[in-house]
Amino acid sequence: MSEPTNGDLAKWRNANPLRKFRKAGGISVFLMAGKVGCSPQSLNMWESGVTQPSDGSLDKIAKAMGMKGRDIGSSWDLWLRDDPFKRGSRRERAAPIKKRA
């Protein structure tokens with residue numbers, strides 16, 4: 001099995017359930033951030049896997065999307081497990097990806 005690439009990371013980030021649900025609902029980052037009570041920057045960081053939303057924030061996102069918190073939480077957990085770089089902790093996920101030579 002070959003090492004993951006930055007393209008793999010981009011595919012993984014695009015599969016983020018928060019991003020998918022938000023885009024499917026036609027909601028902008030700014031509008032969703034207002035509904036959730038966070039900054040657009042926080043929402044972007046959650047959607048790119050740099051940081052994780054709290055359970056309370058996941059509940060607010062689910063409510064804004066007309067979903068149940070456990071549904072979006074389950075989707076979130078599955079998405080994290082698919083990280084092509086298998087960076088487990090928040091700090092590991094926030095670390096820059098090393099470019100291959």
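Guide: Asparagine 16 is in contact (heavy atoms within 4.5 Å) with Trp46, Glu47, Trp76 and Trp79, leaving aside its neighbours within four places in sequence. This is a predicted model: local features need pLDDT of at least 70, side-chain atom pairs count only at pLDDT 80 or more, and totals for chains, interfaces and linings use all residues. Residues are numbered from 1 along each chain as its sequence is written, and side-chain values use heavy atoms, with hydrogens and water left out.

Asparagine 16 sits in the loop between α1 (6-14) and α2 (17-24). Helices here are DSSP runs of H or I, at least four residues, numbered from the N terminus.

Now the aromatic rings. The whole structure holds two aromatic pairs. Rings of Phe, Tyr and Trp (its six-membered ring) pair if their centres lie within 6.5 Å; planes under 30 degrees apart count as stacked, over 60 as edge-to-face and the rest as tilted. Tryptophan 12 and tryptophan 79 are stacked, 4.0 Å centre to centre, with 5 degrees between the planes. This pair links distant parts of the chain: tryptophan 12 is in helix α1 and tryptophan 79 in helix α6 (residues 69-81), 67 residues apart. Tryptophan 76 and tryptophan 79 are tilted, 5.0 Å centre to centre, with 45 degrees between the planes. Both lie in helix α6, three residues apart, about one turn of the helix. Trp12, Trp76 and Trp79 form one aromatic cluster.

Notes
Helix = DSSP H or I, 4+ residues; strand = E, 2+ residues; numbered from the N terminus.
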